[in-house]
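Please look over the model shown below before reading the notes.

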Amino acid sequence: MILTWLIAEIFAGGILAWIAGRWSRFWPRVISLVTLSVHMVILIVLWVRYFGPVGYVAKGPWVIEVSYSWIPQLGISYHLSMDGLSMLLIVLTNFLGIMAVACSWNAIQERVGFFHFNLLWIVASIMGVFLATDLFLFYFFWEMMLVPLYFLIGFWGYENRTYASIKFFIFTQAGGLLMLLAILGLYFVHGRATGVYTFDYNELLGTPMSESTARWLMLGFFAAFAVKLQVVPLHTWLPDAHTQAPTAGSVDLAGLVLKVGAYGMIRFLVPLFPEAALDFSDVAMGLAVAGILYGAVMAFAQTDIKRLVAYTSISHMGFVLLGIFAWNELALEGAVMIMLAHAITTGALFILVGDLNDRIHTRDMGRMGGLWQTAPRMGGVALFFAVASLGLPGLGNFVGEFLVVLGTYQANTTMAVVATLGLILSVVYSLWMIQVAFLGPNHVGWKLPDMNLREGAIMATMIAVVLWFGLYPQSILATARQSITNLQQIVATTRPEEKTQAPVDPLNVVLPEEWEAP
Amino acid sequence: MASIPMEQGLLLAGVLFAIGLTGVLVRRNIIFVLLSLEVMLNAAGLAFIVAGYRWGQPDGQVLFLFVLTMAAAEVSVGLALVLQLHRVFKTLDVDVASRMRG
Amino acid sequence: MLHLLFLVPILPFCGFVVLALFGRWFDRRQVAAIGVGSIGLSALFALLVGFDFVIAPPAGDHFSQSLWTWINVGGFSPHIAFYLDSLSVIMILVVTVVGFLIHVYSAEYMEDEPDGYARFFACMNLFVGSMLTLVLADNLLLLYLGWEGVGLCSYLLIGFWYTDPANGRAARKAFIVTRIGDTALLVGLLLLFTKLGTLQIQPLMQLASERWVVGSSITVAAAGLLLGGALGKSAQLPLQTWLPDAMAGPTPVSALIHAATMVTAGVYLIARMNVLFTLSPVIQTTVAAVGAGTLILAGFSALTQRDIKRVLAYSTISQIGYMFLAVGVGAWSAAMFHFMTHAFFKALLFMAAGVIILGLHHEQDMFKMGGLRKQTPLVFWTFLAGSLSLAALPLVTAGFYSKDAILAGAWASDAGGRWLWAAGLGGALLTGLYTFRMVFLTFFGQVQTPFHLKPGLRLLLPLVVLAFLSIVAGFLDLPRTLGNQPWFSDFVHTSLPETKEIAGSVERNLQIVASLASIGGILLAYYFFLREPGFVRRLMMTPLGAALHRFWFVGWGFDWAYDNLIVGTYVRLARANRADVFDLPMRGIALINQAGHIVLSRTETGRLRWYATSVAFGAIVAVGIVVFVT
């Protein structure tokens, strides 16, 4: 029941904000902030209760579950379930939702009510995606998140917003369509094989099917998730969408929409088609590594600072994809860690770029330079998030990236080694961004107000979170552990010959023969 | 009563339909277009009646009644459009009303 | 006392946090008090801990302290934990004490900066904290944290004067070049964990020596990757190019980071992972060869520089080459000893040079200095003490004892020991030559630029203390031929393997040859640069001389090659693809659709009769299909 309430509260808040927007510009903001803050408190209480220091012994794979029959004739149910993975992502969604409201407090002055309606509906539908365990419901939320985001970019975006929003919509819609076909395919394959026609995730796990069927269905899912996760040849919507979206839209895109793709792969793609995913893993890891390097190179070449940050996302999401297809505990925990840390760091960078844009009204790096002189706090914060994004140990991204490459090294050494080259290239683009925007001479002669209290508070919160992730990631890793173990077990039962990564016992390591030659 | 062979009836219907279609295609005056449409409708109705008569079923006649009522409705809407056309374009030439060109 | 160990690295971090958050509200005195005080306290605790460690060695000659579990996933569980043995005792003492002196010096040196006083001390504190984490880390992941942390601080401080793009370029170069090495180190970590199942250093060493055979390919891979990290951080061939440019930073930064501490992290890493290097003789010999090559190359480059800080930078590269040579031949204690003496005399030289630079209004060209001996006698005498120690004047300087130990170790090693020794000897001659070229150009001869500065106590006191240490530190480790009191070696050998012994008579002969080399270098410098400066000038006029001078001056062309081959290609490729080639097919699809749209919209004529015709035509076709096809 609490899960329904979790989503419904935000949907209701959105409608309320829209209505309030008819009379006031102020109240929609307050309503959104209060809704999300109350929600955050509830979530943290839940988190502490179920995953806190006392420890929760899960009786099943799910911590909280709710299920009603919805369209029983077609086997569709309203089925929401939560485990550690969903918990983390929902908390993240909510947190970034608050940040998005806070960062657009002054920047949005038109159609304020409708803006916040869209913002809250994006947040709510993404939560729905993270909770749904009925494939039909999943698809429902998946498509629902698209429309408000389309409006967000199309109405409040920058100069080229129509092009960007349509491009975004067509890309994700095309991917979503392929996923719908795959869902239906799976539905019928399962129905034919067992006589039970259902969309329920738990039932569909382990559906027997031929190799080629599995491959095609898996590719259908992969198309949708890969578009969201911006796997390399399908990434081109993202720089445009990010560049043109308002700050809150960029935060949602980078922080949440991309994560939906990764979540889909972890929760649905690999467990539903373990064999096919295994066969596909070399290709997927190749794409991931290509993305890591390509995104990093492209980021360096950009002159639009928002576009630069957008390309860094592509590079980081490559690590997530790599971790997912390496599919061992280290890599998966790492992928989850990157998802969270990247959401915060990149979100913060987008907010910062937004603040900058509010002041100097350009995103062209050629017009920046020497801003440290006039806005040192802003420079310091930008530097912090830049080094977080280049993977400095002690900050969140490093933990994730290290775990991913460590796990990948055990699954596929070559890929892991090539992926580490991304760590060099990430230094190149991060430092380049800082250099061009904040260091060097202030050749335009900018005199800017430094960060105000609201902006400072947003950044301080995010810095604290990144430090927490970097220095005590155990709280995150422990929350995700049970669900990752469950997912691995699901996969391991259908992949009997392929052993999942057992914890390495320091006293029981078998060395390959060739190393031992004297 | 000497029965008319079905083929002749259908041939008549076909000829009427062709005349109506030609009228629709070649006349530019909208009144003539509407008239030609009526001819086509009645040709279709005639085909129904002939077919109904051939198999001794009432359905053909029922359907013709439908065609009649529909034709009446169509004429009323059509004449209203004719009046509008005349008011806006000061002419009855349909080719003038080509604003929906792609 | 030992349980206070965690305070040693934590205090500088606290200083950093306070200065970074509240620095703007403090005045300069408060900033200096916090910045210097945190390091001072840290040094105090380091001394207490070190004293306790020496007086009452803990069981097993090491002490560990775990603060919290950092990560615990799938059998991978590094802790935030510190490990103290004799090696790390020496490291933390040198880092905190030299660091403290440099902070005291900086408080006055940086006082005239218009802004960034708090920023400077924040970064310096962060650096010291990271460096202490690096040397105290109990596992390789925490070491890597410190390793990257010092790299970041190096970047921040090289680019301290950020308004000049050249400084930013030097800073980025330093970070990126060292990051290349760091990535190799990271891959090494992956390999070690995958094969041995832990990253905790001591168990790792244990397991490696139990499981792995000497000279097997996996040990070569592991040690080679770690060496990659060491090469980048310690500016050895072929990743040495960043260090001379790093002199763009303020002089105290060069003293602390680019001379005394961070650049020796590579030596520390190799010493810390000594078991791994002993297991792969190929890599260990490579270390020695790289060290020997670097010390010669950098020595020649130092000989041709005009900028006093660049001379010192090349000299640092060269001296770290000695340390690499030492660890490469298994003279572990000699390497650590040279690390310590080098930290003293090189920090001293940089800081003395800093006073001169400050007094000459940021003039760094030695050919515009001269005659400073009379103008700043105290700086001259301390600089001379440092130079003598660097040039290894026999018997009375610390540099002599540490360099001598390295040369003896090289001679004793099995793998090409004679060649390595000869390289070291040549390097000693070069060191004397370039060091005293610098001394003579700067302090002797004609006064070229008047000196305007009355250095305060905070500038001079660290110089005096370090000058004292540069002379007397050598007596901590007297070789068998000269007193036989190896306190330092005995202490180091509780954590590092013993050095191979050579016969006493051989050792004495080696010492005599080495002494002759260093004195010869000094005398040659006297002849070339003080008595007969015309000779060098004539030499440089000859085509060969000019070409060599140019070649050495630009650091053997490494920068040129890297800039053109790697950096240029990368930048050009990236910029050429700015519009993203993968967007082309997507735009192509959009264009095809647009073209189709244009064609189809032509059919929409808006004429009623045209539509009727197409309906009729379509109906005929449909009927035709039904009739004739089916």
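The notes below cover the chain contacts first and then the fold of one chain.

This is a predicted model, in which local features need pLDDT of at least 70 and side-chain atom pairs count only at pLDDT 80 or more, while totals for chains, interfaces and linings use all residues. Residues are numbered from 1 along each chain as its sequence is written, chains are lettered from A and ligands numbered from 1 in the order in which they are written, and side-chain values use heavy atoms, with hydrogens and water left out.

**Which chains touch**

- Two pairs of chains are in contact, and of these chains A and C share the most contacts, where contact means heavy atoms within 4.5 Å.
- Chain A and chain B are joined by no contact, and their closest C-alpha atoms lie 22 Å apart.

**The interface of chain C and chain B**

- To this contact chain C brings eleven residues and chain B brings 13 residues.
- About 950 Å² is buried between chain C and chain B, with 60% of that area coming from carbon and sulfur atoms; buried area is the accessible area (1.4 Å probe) that two parts lose on being put together, summed over both.
- On the side of chain C, the residues that lose the most area to chain B are Gly606(C), Leu608(C) and Arg609(C), which together make up 49% of what that side buries.
- The rule finds two salt bridges across this interface, each being a side-chain nitrogen of Lys or Arg within 4 Å of a carboxyl oxygen of Asp or Glu.
- Asp95(B) and Arg607(C) form a salt bridge through their side chains, at 3.6 Å from N to O.
- Helix 27 of chain C (residues 608–629) supplies six residues, the largest share of the side of chain C that touches chain B; helices (H or I, at least four residues) and strands (E, at least two) are DSSP runs, numbered from the N terminus.

**The fold of chain B**

- Chain B has three helices and zero strands, and along the sequence its pattern reads α-α-α.
- Chain B is more spread out than a compact globule, because its radius of gyration of 17 Å is well over the 13 Å that the globule rule gives for 102 residues; the radius is taken over C-alpha atoms, and the rule is 2.2 Å times the number of residues to the power 0.38.
- The C-alpha trace of chain B spans about 50 × 30 × 25 Å along its principal axes.
- Of the 102 residues of chain B, 27% count as buried, that is, under 20% relative accessible area (1.4 Å probe, protein chains only).

How values were computed:
Buried means under 20% relative accessible area, exposed over 50%, partly exposed in between (1.4 Å probe, protein chains only).
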